[in-house]
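Biologist: Please show me the model, and then let us go through its architecture by question and answer.

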Amino acid sequence: MGPLDAIWHLLNFFAPAVGVAVVTTLLAKLLWRRQLAGARMVRLIAWSAGAGAAALVAGLVAFGRDGRMGTYGLLVAATAVTLWWAGFMRR
């Protein structure tokens with residue numbers, strides 16, 4: 001595997017974390033408009049994507065391979081909890 005292939009492999013590994021973070025942040029900002037008015041969207045996406053990436057790495061270590069349903073469940077749970085913490089608890 002060449003360096004370009006390795007970069008694409010890493011980008012595709014972390015893409016679900018970024019995608020879930022963006023979608024959940026947009027939905028949260030839409031649903032809880034008043035409560036999350038003071039929270040910056042970039043900060044919420046960054047915290048959620050970081051937690052999602054950590055969940056993907058933890059799933060890879062725990063299961064030994066990528067793409068298990070348990071890993072994606074952990075990704076959704078980590079993103080939701082982090083979004084709640086960064087948006088509502090940390091002001």
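This is a predicted model: local features need pLDDT of at least 70, side-chain atom pairs count only at pLDDT 80 or more; totals for chains, interfaces and linings use all residues.

Modeller: Residues are numbered from 1 along each chain as its sequence is written, and side-chain values use heavy atoms, with hydrogens and water left out.

Biologist: Which pattern does the protein follow along the sequence?

Modeller: Helices (H or I, at least four residues) and strands (E, at least two) are DSSP runs, numbered from the N terminus. The protein has three helices and zero strands. Its C-alpha atoms fill a box of roughly 50 × 25 × 20 Å along the principal axes. Read along the sequence, the pattern is α-α-α.

Biologist: What percentage of the residues of the protein count as buried?

Modeller: Buried means under 20% relative accessible area, exposed over 50%, and partly exposed in between (1.4 Å probe, protein chains only). Of the 91 residues of the protein, the buried share is 27%.

Biologist: How do H1 and H2 lie, oblique or roughly parallel?

Modeller: Axes are lines fitted to C-alpha atoms, for helices over the stretch in contact, and angles run from 0 to 180 degrees between N-to-C directions. The axes of H1 (residues 3–31) and H2 (residues 41–63) come within 8 Å and cross at roughly 140°. Angles under 35 degrees count as roughly parallel, over 145 as roughly antiparallel, 65 to 115 as roughly perpendicular and the rest as oblique. H1 is therefore classed, relative to H2, as oblique.

Biologist: How many nonpolar residues does the contact of H1 with H2 have?

Modeller: Contact means heavy atoms within 4.5 Å. Residues including Phe-13, Phe-14 and Val-18 in H1 meet a set in H2 that includes Leu-44, Ala-49 and Leu-56. Ala, Val, Leu, Ile, Met, Phe, Trp, Tyr, Cys and Pro count as nonpolar, Asp, Glu, Lys and Arg as charged, and the others, Gly among them, as polar. By class, the contact of H1 with H2 has three polar residues, one charged residue and, as nonpolar residues, 15.

Biologist: What is the distance between the axes of H1 and H3?

Modeller: Pro-16, Ala-17, Val-20, Ala-21, Thr-24, Thr-25 and Ala-28 in H1 meet Tyr-72, Leu-75, Thr-79 and Leu-83 in H3. This contact has eight nonpolar, three polar and no charged residues. The helices pack at an angle of about 40°, and their axes are apart by 10 Å.

Biologist: Is Thr-25 buried or exposed?

Modeller: Thr-25 belongs to helix H1. Leaving aside neighbours within four places in sequence, Thr-25 is in contact with Met-41, Leu-44, Ile-45, Ser-48 and Leu-83. Because its relative accessibility is 0%, Thr-25 counts as buried.

Biologist: In which helix does Thr-79 lie?

Modeller: Thr-79 is buried, with a relative accessible area of 1%. Not counting residues up to four places away in sequence, Thr-79 touches Val-20, Ala-21, Thr-24, Ser-48 and Gly-52. Thr-79 lies within residues 69–89, which form helix H3.
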